[in-house]
Amino acid sequence: MEVLVFGHKNPDTDSVTSAIAFSYLKNKLGFNSIPCVLGPINKESKYVLDYFNIDEPVYIDNVKTQLEDLNLRKVQGLSPEASILSAYKIMQDNKLKTLPIINEDGKLLGITTMYDIAVSSIKGNFYHLNTTLSNVAKGLDGTIITGHERILNGQVLVAAFYYETLKGRLSSNKIVIVGDRYDIIEHSLESNVQLLIITGNQEIPKEYIEEAKKKNIPIISVPTDTYITSKIINQCNFVSSIMKRKDLVKFKLTDYTEEIKDEMVNTNFSNYPVVDKNHIFKGFISRKHLLSPAGKNVILVDHNEYGQSAEGLKEANILEIVDHHKLGDIATTTPINFRNIPVGSTCTVVYSLFKENNVEIPKYIAGVLLSGIISDTLFFKSPTTTFFDREAVDALNKILNLNLDEFSTNMFKAGTSLEGQTIEEIFFKDFKEFDIEGFKVGVGQVFTLAVEDILNKKEEFLNFINSIHHGKDYHLTLLLATDIINEGSYLLFESNNKQIIPISFNVDNMQGVFSSGIVSRKKQVIPRITEAINTLK
């Protein structure tokens, strides 16, 4: 199954680039993974991807379990032109209760069940046959003496009457079942019947065979007696004659398991067909699939908290986590690889994993790794920067030979431009929700070289922050407008306790106040807020 590698919601450059690089590494190690994002990428990330000519990761809005994630029961479909009897034999041999009926392209036409077959054998039309010559021969274990493959559509007549009684009753729409009654065989040929079925493996005189060939009347010789033959023949009909096609409950591969539960509970079927977007049959789902559904396989980078991850994560199989943040609330039912190192960027951790596995780093992967580190450490200005971040950038740039000052300046310029963005887009540009000592806290951060673009609209931002604060029931809602050049952040906020901001940052309780040196949400802001909340308890 495909593995989805993704970072947190509202992805920043480190989140995007670490997903790309780690997915590449996992694929080199034998996995089948794809890098993904949980939201639109920002301008800085787009600059990086364009610079190194890399496609954007696949956007996903959730990792809820879909039917395509389940191990559906694969069943070979049957043509509508197959016989009911052949459907029964397939179901019996494979212990199936339901069989899909498909066309030559694999599209689902309907289904048939053992119940449908049983009903047809009891209540079916025993006097009408609509099928092929080969279906009759195969179903009755007979031999075609004369005639070529054709569609039969007529009335079944069991010739148990005296010859004189049958006069005038035979015609071209009759399918005659008869034993060694040669007078009736002769009369059937004279009447140009559709088909003659000779029971008991009786020898057929040559003159009748020649006459049948001359008139193009098929003859089938069968080993069973007339009674058994007449009892079985209606099961030689096309399976489409008993196929269920109206009010058929079926699902699509893209349907979510949580959305189909009610319909399965309210309908009394043992199996439900599943089709793809082109209506191609893909397998059956039953209630057993919902008891322990197999979710999507995922790898998390740059986060390890449910609140920052994809919706439906608790339904997914988390295979691995690579991060550089504090431990969050994600739990797994089985042991996993969890690499969490206190460095300035997830890309630094991913770089170390390349080295550990002795996997060569191509130029474009070196580019995204270097970009992620420079972005998350603010080109080493952030207090989160470590020796390992610098060492990784030095090693990666030996592959790239970039002018780092020029590259980082252009990257930050591209990323910090707020032109054309709404208040909402700026606020959620890099927003994360935290659970701190039982309190919900929302913190957004914007890195910019033009902080006046935010401060000039302070009242508009405060109105929006107020609506988010009360709408999400946060204890504290904070926007950090981080000035890269002056290495500090301007604070816009709404709080249930007016002392949180002054205690956290040693500043006045004033909107737009500047907190010098505050540039890292992870290493400075969240620890300070946590300490303040504990102090105020």
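A disulfide is a covalent bond between the sulfur atoms of two cysteines. For cysteine 36 the closest cysteine sulfur is that of cysteine 347, at 16 Å, which is too far for a bond. Cysteine 36 is buried, with a relative accessible area of 1%, and cysteine 347 counts as buried at 0%, where buried means under 20% relative accessible area, exposed means over 50%, and partly exposed lies in between (1.4 Å probe, protein chains only).

The model is predicted, and local features therefore need pLDDT of at least 70, side-chain atom pairs count only at pLDDT 80 or more, and totals for chains, interfaces and linings use all residues. Residues are numbered from 1 along each chain as its sequence is written, and side-chain values use heavy atoms, with hydrogens and water left out.

Strand β1 (residues 3-6) runs parallel to strand β2 (residues 33-37) and is joined to β2 by 4 bridges; two strands are taken to pair if DSSP finds at least two bridges between them. Helices (H or I, at least four residues) and strands (E, at least two) are DSSP runs, numbered from the N terminus. The open sheet is formed by 6 strands in the order β3-β2-β1-β15-β16-β17, with parallel pairing. Because β3 (58-59) and β17 (337-340) stand at the edges with a single partner strand each, one side of each is left without a neighbour in the sheet.

Helix α1 (residues 13-28) lies across β1, β2, β15 (297-301) and β16 (317-323), and runs at about 175 degrees to β2. Helix α12 (residues 346-356) packs on the sheet and touches β15, β16 and β17, its direction making about 105 degrees with that of β16. Contact here means heavy atoms within 4.5 Å, and axes are lines fitted to C-alpha atoms, for helices over the stretch in contact, with angles from 0 to 180 degrees between N-to-C directions.

Asparagine 10, with phi near 50 degrees, lies in the loop between β1 and α1 and is partly exposed at 24% relative accessibility. Aspartate 302, with phi near 60 degrees, is placed in the loop between β15 and β16 and is buried at 0%.

Aromatic pairs number 20, rings of Phe, Tyr and Trp (its six-membered ring) being paired if their centres lie within 6.5 Å, with planes under 30 degrees apart counted as stacked, over 60 as edge-to-face and the rest as tilted. Phenylalanine 251 and tyrosine 272 form a tilted pair, 5.6 Å centre to centre with 40 degrees between the planes. Since phenylalanine 251 lies in strand β12 (residues 251-252) and tyrosine 272 in strand β13 (residues 272-275), the pair ties together parts that are 21 residues apart in sequence. Phenylalanine 251 is buried at 3% relative accessibility, and tyrosine 272 is buried at 0%. The pair of phenylalanine 428 and phenylalanine 431 is edge-to-face, because the ring centres are 5.2 Å apart and the planes lie at 75 degrees. Phenylalanine 428 is partly exposed at 23%, whereas phenylalanine 431 is buried at 8%. Ring pairs link Phe427, Phe428, Phe431, Phe464 and Tyr474 into a cluster.

Technical notes
Disulfide = S-S within 2.5 Å.
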